[in-house]
Amino acid sequence: MSSLANWSYTQTLTIWPAATENRYGDVSYGLPYTLQGDWGFGGDTLTNDDGEEFVAKSVYYIELSDGNSLLPNRGDFILRGDNTGETNPHEAGAEQIKMVKGWNMTMFGPNEIPDWKIAT
């Protein structure tokens with residue numbers, strides 16, 4: 001974690017990765033895992049990678065290196081707290097991720113890793 005974010009990214013977040021979809025369109029999720037980050041309530045109109053606008057329910061902030069396999073993707077689910085005991089994100093009350101956008105932090109030093117904004 002970078003020196004810029006280590007004081008604020010202290011909340012545990014649980015991620016359920018979307019793993020597979022069967023021929024009926026049912027999605028099964030990978031095992032949940034946790035990340036450290038921060039969160040806030042949404043309300044802003046945002047745009048996803050496809051250019052579709054939506055009003056964010058919640059916004060989460062994390063820090064991970066580019067290409068890190070733990071970086072959540074659109075379609076995954078996220079929830080505040082350690083909820084790894086629940087394998088079904090719907091039963092846990094998790095929110096589906098609609099947008100993941102990152103920004104470069106190397107202007108603050110060569111070893112700073114990207115910050116990411118996740119919106120549901």
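Start with the sheet: 7 strands, open, ordered β9-β8-β1-β4-β7-β11-β10, with antiparallel pairing. Strands here are DSSP runs of E, at least two residues long, numbered from the N terminus. Two of them pair if DSSP finds at least two bridges between them.

Now select the edges. β9 (95-96) and β10 (99-103) each have a single partner strand, so one side of each lacks a neighbour in the sheet.

This is a predicted model: local features need pLDDT of at least 70, side-chain atom pairs count only at pLDDT 80 or more, and totals for chains, interfaces and linings use all residues. Residues are numbered from 1 along each chain as its sequence is written, and side-chain values use heavy atoms, with hydrogens and water left out.

Stay on β10. Its antiparallel pairing with β11 (residues 115-119) runs over 5 bridges. Show Val 100; opposite, in β11, stands Ile 118.

Next, the rings. There are 2 aromatic pairs (Phe, Tyr or six-membered Trp ring centres within 6.5 Å; planes under 30 degrees apart are stacked, over 60 edge-to-face, the rest tilted).

Select Tyr 29 and Phe 77. Their centres are 5.3 Å apart and their planes at 90°, so this pair is edge-to-face. Tyr 29 sits in β3 (residues 27-29) and Phe 77 in β8 (residues 77-80), 48 residues apart in the chain.

Move to Trp 39 and Phe 41, also edge-to-face, at 5.3 Å and 85°. Finish with Arg 80: it lies over the face of Trp 39, 4.0 Å from the ring centre (the criterion: NZ of Lys or CZ of Arg within 6 Å of the centre and within 35 degrees of the ring normal).

Definitions and conventions:
Helices (H or I, at least four residues) and strands (E, at least two) are DSSP runs, numbered from the N terminus.
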